[in-house]
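Me: I would like to go through this structure with you. Could we take one part at a time?

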Amino acid sequence: MPLAGRSWSMTNAQKNAPTVLPSTAPHAEPDRVGPRWPAWVRVVAAVGVIFGLLVATSLLTAPLVGLLPDTVATSVALRVGQHLVFFLLVIAAFTVLVRKVDRRHPAEIGLRITRWSLPFLILGVGVSTFAQVIAAPLAGLLGELRLMPPPTMDVPVLLVVLLVVSQAFLLQGLPEELVFRGYILVTLSARPWVAIGTSVGAFTALHLLSSGGQQGLVERLLYLAMPLGFAVSATGLALLLKSLWAAVGIHAGFHWATMVGASQGMGDGPALWITLGAVHLAIGVITLVRWQRINGTITYTR
């Protein structure tokens, strides 16, 4: 039946016109045919890349050690420079990895800056600071804490702050979260709880290699309570808010709060590791339950 003076019958030209598929139309999203590598290979590759870039950064900056003056300011500047080089290499490497292997845009793993990035970053730092404030007195009730010396002695405060911020954000916060809460979560996002378990499990297990004052095998295992806890809280907050920057804030805030606590003479040891991990775990479980009820899918849009 004609509508508005036009017939619905096709002309010969229309019948013979080539079909344009959505994936080849101008400005259309590329056809998703799935990642190029199996899931386990992608996870291992992502972790391997970040360790490889740590070694590469050390090799690239090592020649400068003998060329620069041996002063405190120079030492701090060199370390901050190393952190910056590592940070830039990680961004470049994962931009290539996510495009070539996963066939995604880097923004899909949270590598984006929006008007929400800074507020969520600050929120994450605040959550970690809150967890530290709650956990410290609880740890004192559970057992004796070891007194830890301040991380730096006879160093100007400004240089200390610069070094702490650089280490918390450029060396650890953003690079590690881009791997574990960014890439791994998204590349396995077809099965959200498998993705969460893999992200948290891999991150926690790797901290068996950490040197955080552990004495013996038992303490090395107890130490894992901290990375396990804040991995869950970082995952929950990031997924709930749909922003990787929330996880970066949790991670960087954890290191920032720990270093500030050490500078103020706060103790350390298994009691603190367990209580701090438990507080972060509780925060993470609450946020993950809320995320599951609202949506339950892994996406970064803010």
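Me: Let us begin with helix 6; which of its residues are buried?
Reply: The model is a predicted one. In helix 6, the buried residues are P192, A195, I196, S199, V200, F203 and T204.

Me: And where do those residues fall, seen down the axis of helix 6?
Reply: They fall within an arc of 145 degrees, so the buried residues line one face of helix 6.

Me: What span should helix 6 have, and how far apart are its ends?
Reply: Helix 6 has 15 residues, which at 1.5 Å a residue should span 21 Å. The C-alpha atoms at its ends are 21 Å apart, in agreement with that expectation.

Me: Now the aromatic rings. How many aromatic pairs are there?
Reply: The count comes to 7 aromatic pairs. One of them is formed by F180 and F203, with 5.2 Å from centre to centre and 75 degrees between the planes, an edge-to-face arrangement.

Me: Which parts does the pair of F180 and F203 tie together?
Reply: F180 belongs to helix 5 (residues 157–187) and F203 to helix 6 (residues 192–206), so this pair ties together parts that are 23 residues apart in sequence.

Me: Is F180 buried or exposed? And F203, buried or exposed?
Reply: F180 counts as buried because its relative accessibility is 4%, under the 20% cut-off. F203 is buried too, with a relative accessible area of 1%.

Me: Which residues do ring pairs link into a cluster?
Reply: Ring pairs link F180, F203, F230 and F254 into a cluster.

Me: What about W193 and W291; how are their rings arranged?
Reply: Their ring centres are 5.6 Å apart and their planes stand at 70 degrees, so the pair of W193 and W291 is edge-to-face. W193 lies in helix 6 and W291 in helix 10 (residues 270–294), so the pair ties together parts that are 98 residues apart in sequence.

Me: How accessible is W193? And W291?
Reply: W193 has 46% relative accessibility and therefore counts as partly exposed. W291, at 2% relative accessibility, counts as buried.

**Charged side chains**

Me: Changing topic: which charged end sits over the ring of F203?
Reply: That is the charged end of R181, 4.6 Å from the centre of the ring of F203.

Me: Which residue meets R181 in a salt bridge?
Reply: The side chains of E177 and R181 meet in a salt bridge, at 2.7 Å from N to O. Both residues lie in helix 5, 4 residues apart, about one turn of the helix. E177 is buried, with a relative accessible area of 0%, and R181 is buried, also with a value of 0%.

Me: Why can such side chains pair at all?
Reply: Side chains of opposite charge can pair when their charged atoms come close.

Me: How many salt bridges are there?
Reply: The count comes to 3 salt bridges. Among them is the one between D102 and R42, at 3.9 Å from N to O. This pair links distant parts of the chain, 60 residues apart: D102 is in the loop between helix 3 (72–100) and helix 4 (117–142), and R42 is in helix 2 (residues 39–65).

Me: Are D102 and R42 buried or exposed?
Reply: D102 is buried, with a relative accessible area of 3%. R42 is buried, with a relative accessible area of 6%.

Me: Which residue forms a salt bridge with R104?
Reply: E108 does, and the closest N and O atoms are 3.2 Å apart. E108 counts as partly exposed, at 26% relative accessibility.

Conventions: Residues are numbered from 1 along each chain as its sequence is written. This is a predicted model: local features need pLDDT of at least 70, side-chain atom pairs count only at pLDDT 80 or more; totals for chains, interfaces and linings use all residues. Side-chain values use heavy atoms; hydrogens and water are left out. Rings of Phe, Tyr and Trp (its six-membered ring) pair if their centres lie within 6.5 Å; planes under 30 degrees apart count as stacked, over 60 as edge-to-face and the rest as tilted. Helices (H or I, at least four residues) and strands (E, at least two) are DSSP runs, numbered from the N terminus. Buried means under 20% relative accessible area, exposed over 50%, partly exposed in between (1.4 Å probe, protein chains only). A charge sits over a ring if NZ of Lys or CZ of Arg is within 6 Å of the ring centre and within 35 degrees of the ring normal. The expected span of a helix is 1.5 Å times one less than its number of residues. The arc is that of the directions from the helix axis to the C-beta atoms. A salt bridge is a side-chain nitrogen of Lys or Arg within 4 Å of a carboxyl oxygen of Asp or Glu.
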